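Subject: Structure for you to look at

Hello,

Here is the structure you are taking over.

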Amino acid sequence: MDKFFHLKENGTNVKREIVAGFTTFFTMAYIIFVNPDMLNETGMSWEGVFCATCLSALVGTLIMALFANVPYAVAPGMGLNALFTYTVCLTGGFTWREALAMVFICGIINIIITVTKLRKAIVRSIPDSLKNAIGCGIGLFIAYLGLINSGIVTFASGTPAMATFNVPSVLLTVIGIIIMVVLMIMNVKGAILIGIIATTIIGIPLKVTQIPTSIFSGAHTWEGFKEVSFAFFGADGFGNLFSNPKTIPFVIVSIFSMSLSDTFDSVGTFIGTSKKSHIFEEEDLNEVSSSGIKTKLDKALVADSFATSLGALFGTSNATTYVESASGIAAGGRTGLTSLTTAILFLLCLPFSGLFGMVPSAATAPALIIVGILMAEPFAEINWKDIQESIPAFFTVAIMSFTYGITNGIAAGFIMYCLTKIFTKKAKEIHPIIIGASILFVIDFLLKALQGAGII
């Protein structure tokens with residue numbers, strides 16, 4: 001064990017690594033409930049997505065453990081599943097099979113740009129203000145979804161309004177929010193997971209939580225998994241994806257947005273957690289041009305990229321490195337043994353879809369709201385007093401949240417950033433990657449406008 005994971009070299013031991021693995025698992029296990037709930041809105045089988053979520057987390061985290069030897073866990077990402085469900089499927093009109101094809105392509109692209117070091121270059125091409133705004137916008141969007149899904153915010157009269165608290169499911173959501181907030185204030189490990197479990201139990205006497213006939217995975221679970229896994233091959237997936245010339249720009253910008261969001265999640269997590277733990281060396285974080293997959297960070301990024309494509313094969317949205325891995329690192333995790341422990345725990349969840357399926361949306365909605373709070377931290381990093389920085393940031397956050405579209409927000413931010421630089425005679429500061437992406441976004445908007453006007 002020590003020889004494979006280099007425990008002594010990294011100043012750790014087996015007990016500490018296992019404890020860290022458990023810690024990471026309990027802080028991110030909420031995804032087992034939340035991801036199937038969200039993707040189910042596209043028409044995907046809840047049980048199938050449950051299996052896909054566990055398997056993608058298992059395999060992705062195993063690659064992180066055995067190939068990269070770093071204490072990070074991988075699973076379908078929050079924000080990325082929202083992009084998949086609400087932007088691509090429900091707003092864009094694509095089927096979930098076509099959306100899975102986009103995810104698979106995104107994973108392949110991420111592998112290529114990671115191996116060529118282009119992935120690091122993309123991150124460095126985007127100004128910090130936009131990076132922070134994109135993270136905040138996704139967080140606010142996720143919190144908004146939680147408020148809508150729970151019924152706290154309603155549109156019964158055609159305008160947004162606060163719900164009355166005489167509906168059991170709404171009342172249960174509020175209870176769940178309070179439980180999670182209190183646990184987080186008390187620095188309880190796994191506060192979100194504990195909150196989901198507690199809220200589910202409280203929902204039983206309120207008749208919101210339905211007791212399953214069996215806690216184990218039955219034949220219908222495996223049928224659901226067979227339905228969603230490898231589902232994008234053939235005419236219903238790849239076959240339709242590029243068949244309509246009018247939608248090709250949307251497909252391209254959606255894949256770009258997926259790749260961008262996945263890249264921000266992963267690299268941001270690696271950089272942020274490494275500042276104190278020194279899991280990655282500083283020169284590794286800053287280096288871009290050298291060839292080959294030599295360093296820990298290179299291997300970790302490759303593992304993250306493979307996880308996305310494998311997740312699509314299983315039947316789920318983009319997998320990404322979880323920032324919740326920081327909890328395991330804080331508990332002393334320094335090697336892949338931490339990730340191996342987390343992966344095994346995801347494996348042990350697979351036979352219990354009946355148990356996890358009883359969790360009502362009123363118990364997972366608070367988790368979305370809390371995740372939104374956690375993702376709001378970068379707001380403080382934006383210089384709101386500088387109008388050149390605040391305008392692109394504001395449009396990114398506002399458009400992303402108010403139009404129900406993550407891609408829309410990224411597009412608005414990129415375009416406004418280019419305009420502010422052009423009209424302040426600083427066009428030379430715009431990176432070619434930003435210019436290219438902005439042109440794609442403008443083309444997509446123009447084609448949608450012409451299509452809406454009946455011209456094409």
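Phenylalanine 94 has a relative accessible area of 9%, so it counts as buried; buried means under 20% relative accessible area, exposed over 50%, and partly exposed in between, with a 1.4 Å probe and protein chains only. This is a predicted model, in which local features need pLDDT of at least 70, side-chain atom pairs count only at pLDDT 80 or more, and totals for chains, interfaces and linings use all residues. Residues are numbered from 1 along each chain as its sequence is written, and side-chain values use heavy atoms, with hydrogens and water left out.

Phenylalanine 94 sits in the loop between helix 5 (80-91) and helix 6 (96-115). Helices (H or I, at least four residues) and strands (E, at least two) are DSSP runs, numbered from the N terminus. Which residues does phenylalanine 94 contact, leaving aside its neighbours within four places in sequence? They are Val88, Cys89, Met102, Leu241, Thr247, Phe250 and Val251, where contact means heavy atoms within 4.5 Å.

**The protein as a whole**

The protein has 22 helices and 4 strands. Its C-alpha trace spans about 60 × 60 × 50 Å along the principal axes. A compact globule of 456 residues would have a radius of gyration near 23 Å, and the 21 Å of this protein agrees with that. The radius is taken over C-alpha atoms, and the globule rule is 2.2 Å times the number of residues to the power 0.38.

Of the 456 residues, 55% are buried. Among contacts between residues at least 6 apart in sequence, 80% join residues at least 24 apart. The accessible surface comes to about 18800 Å², and 69% of it belongs to carbon and sulfur atoms. Accessible areas come from the Shrake-Rupley method with a 1.4 Å probe; for residues, only the protein chains shown count as cover.

There are 26 positive and 27 negative side chains, and the centres of the two sets lie 5 Å apart. Lys and Arg count as positive and Asp and Glu as negative, while His and the chain ends are not counted. The place of a charge is taken as NZ of Lys, CZ of Arg, CG of Asp or CD of Glu.

Helix 8 (residues 128-150) has 23 residues and reaches 33 Å from its first C-alpha to its last, close to the 33 Å expected at 1.5 Å a residue. The expected span is 1.5 Å times one less than the number of residues. Glycine 151 follows helix 8 with a positive phi, near 90°.

Helix 15 (residues 296-314) contains threonine 308. The end C-alpha atoms of helix 15 are 27 Å apart, in agreement with the 27 Å that its 19 residues should span. Helix 15 is mostly covered, with 15 of its 19 residues buried. Threonine 308 itself is buried, at a relative accessible area of 0%. Not counting residues up to four places away in sequence, threonine 308 touches Val103, Gly107, Asp262, Asn318 and Ala319. Just after the helix, glycine 315 takes a positive phi of about 115°.

Helix 21 (residues 406-423) should span 26 Å with its 18 residues, and its end C-alpha atoms are 26 Å apart, which agrees. How many residues of helix 21 are buried? The number is 14 of the 18, so helix 21 is largely enclosed by the rest of the structure. Lysine 425 follows helix 21, and its phi is positive, near 60°.

Tryptophan 46, in helix 4 (residues 46-68), is buried at 12% relative accessible area. Its contacts beyond four places in sequence include Phe33, Asp37 and Phe356. Threonine 364, in helix 19 (residues 361-374), is buried at 5%. Phe33 and Asp37 are also among the residues that threonine 364 touches.

**Positive phi in loops**

Lysine 207 is not a glycine, but its phi is positive, about 65°. It lies in the loop between helix 10 (191-202) and helix 11 (219-228). Is lysine 207 buried or exposed? At 69% relative accessibility, lysine 207 counts as exposed. Phenylalanine 230, also not a glycine, has a positive phi of about 55° and lies in the loop between helix 11 and helix 12 (238-241).

Regards
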